[in-house]
Amino acid sequence: MTSVANSYCQSELFDDALELFEEMKCADVEADKFVLSSILSACGRAGNLDYGKAIHDYIIQNGLEVDAHIRCALVTMYASCGCMDMAQQLYDQMIPKNMVVSTAMISGYSRHGRVMDARLIFDQMVEKDLVCWSAMISCYAESDQPQEALRLFKELQILGIRPDQVTMLSVISACAHLGVLDKAKWIHVYVDKNGFGGTLPINNALIDMYAKCGSLERARDVFEKMTRKNVISWTSMINAFAMHGDANNALSFFQKMKEANVEPNRVTFVGVLYACSHSGLVEEGRKVFAAMINEHKITPTHEHYGCMVDLFGRANLLREAVEIVETMPFAPNVVIWGSLMAACQIHGETELGEFAAKRLLELEPDHHGALVLLSNIYAKERKWQDVGDLRQLMKERGISKERGCSRIELDSEVHEFLVADRNHKQADEIYKKLDEVVRRLKLAGYAPNTNSVLVDLEEEEKKEVVLWHSEKLALCYGLINGAKDSCIRIVKNLRVCEDCHTFMKLVSKVYGREIVVRDRTRFHHYRDGVCSCRDYW
């Protein structure tokens, strides 16, 4: 029975493994610890918490001994199913704790974004193998702490532990999230020196990494040098062009992909439609959407309909965007309402935007984006009582507006800035430089745009707030410390506001500098007073 159960689990036939256990119970065959461990493993890998709990109850009700083997299987099952409180309770009872179960705990906490809990387990481990290190690096990479992931990878190197492909994929992902080109170059050199450069998944990840670090040229270079390409390779390159606003190349590569007899998948079409929507190519987007259904027989998902709503919405074809929402074969989800809401925000369609935000909140009452939009709508209409009520509601629910944060790397060190940040060691110099930049830009016609400051402040106070946005501080740090002919690269966690967008364009012209800003959704390449997005973002 044990060998059959193991065989089912190894073949990922988890339902068969559970059915086998039911047959054993019906035949009054008592399961031993090895069968129970295999069945618990099947529950964990299938994410079947209810059945896992039933096995746990079976163990207790039949007075079976919970030895280290069973306890390990239970902890792993609960952690795999996301029931971390129960997993932790059983884990605490384990003496000694082995690496396998500790790694399962780290992975479990990682899936739920509980980084500190994962790190506590990691730090308490006496011995650590590569799997454990990889799990912790992955935890940081997936939890918006890319610098910690890279720091841990350096520790791994110091200890002389050789990473495997799984480790490297997490490290490349962390680097992509960080968005710093120098780090990306270093990782690429490491990949090639250590024999990972020939593998398809690694090369696909490198394309994505370079694209997210602002270098389409390097992403394309990796792609062109690949001896073998799959649908992920082509899709990664199409997505790279899309996020940089190069819709023509995205469409060109889509055509080349089909000529190479590589069948596009659902994700490919999301990338192509995204490229169309962010470049205002409405007719091309219509054709791609129709071809997806009629030629490639792919049934559109919420994400594809969301792209179409976004396509029409950005182009100010809101009636057609609403028509998509109303005629979809399934109920709109958070993504759909969010796309419509964002379009209304761009074009100042207050009434429809409020309607979309309220529909979104019916599906997800704590959606901070919708609550912030409603607050902004009320602020624009100077309904300060409604603004206050909404913000009080957000405070009571523990919902806060995400603070603007920008990163810039110089001399292999990453510097982070928040709005009105004065914590940097060069803060006085940065604000002095900002004053100088503003004076020079005003001579070129710049006037601070305070429309994005939606709080009840005097106009002069609003001007100060908008001038202290994090990307402006990062830019001034780059102007002070970077080489005069170097490109200034900034990563922003939110959408760039209108004032900062204008500010960057003027700085690129007045100071003769190339500036690249990655915001939440795309890249902006500023040269000679012009942005690559053509002010369509």
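**Residues and overall form of a predicted model**

Biologist: What is the relative accessibility of asparagine 316?

Modeller: Asparagine 316 has 42% relative accessibility, so it counts as partly exposed. Buried residues have under 20% relative accessible area, exposed residues over 50%, and partly exposed residues lie in between, with a 1.4 Å probe and protein chains only. This is a predicted model, in which local features need pLDDT of at least 70 and side-chain atom pairs count only at pLDDT 80 or more, while totals for chains, interfaces and linings use all residues. Residues are numbered from 1 along each chain as its sequence is written, and side-chain values use heavy atoms, with hydrogens and water left out.

Biologist: Where does asparagine 316 sit?

Modeller: Asparagine 316 belongs to the loop that links helix H19 (302-314) with helix H20 (318-327). Helices (H or I, at least four residues) and strands (E, at least two) are DSSP runs, numbered from the N terminus.

Biologist: What is phi at asparagine 316?

Modeller: Phi of asparagine 316 is near 65 degrees, which is positive although the residue is not glycine. In general, most residues other than glycine have a negative phi, and most peptide bonds are trans. Aspartate 535 also has a positive phi, near 60 degrees, and is likewise a residue other than glycine.

Biologist: Where is aspartate 535 found, and what is its relative accessibility?

Modeller: The segment after strand S6 (530-531) contains aspartate 535. Its relative accessibility is 43%, so aspartate 535 counts as partly exposed.

Biologist: Peptide bonds, then. Is the bond from isoleucine 95 to proline 96 cis or trans?

Modeller: That bond, from isoleucine 95 to proline 96, is cis, with omega near -5 degrees. Proline 96 is part of the loop between helix H6 (84-92) and helix H7 (99-111).

Biologist: Changing topic, how many helices and strands does the protein have?

Modeller: There are 28 helices and six strands in the protein. Its radius of gyration is 26 Å, close to the 24 Å from the globule rule for 537 residues, so the protein is as compact as a globular protein of that length. The radius is taken over C-alpha atoms, and the rule is 2.2 Å times the number of residues to the power 0.38. Along the principal axes, the C-alpha atoms fill a box of roughly 85 × 55 × 55 Å.

Biologist: What share of the residues is buried?

Modeller: Of the 537 residues in the protein, 50% are buried. The protein exposes about 25900 Å², of which carbon and sulfur atoms supply 49%; accessible areas come from the Shrake-Rupley method with a 1.4 Å probe, and for residues only the protein chains shown count as cover.

Biologist: What share of contacts joins residues 24 or more positions apart?

Modeller: Such pairs account for 62% of the contacts in the protein that have a separation of 6 or more. Contact means heavy atoms within 4.5 Å.

Biologist: Let us take aspartate 499. Is it buried or exposed?

Modeller: Aspartate 499 is buried, with a relative accessible area of 2%, and it lies in helix H28 (residues 498-510).

Biologist: Which residues does alanine 184 touch?

Modeller: Not counting residues up to four places away in sequence, alanine 184 touches Cys175, Met209, Tyr210 and Cys213. Alanine 184 is in helix H12 (residues 181-193) and is buried, at 0% relative accessible area.
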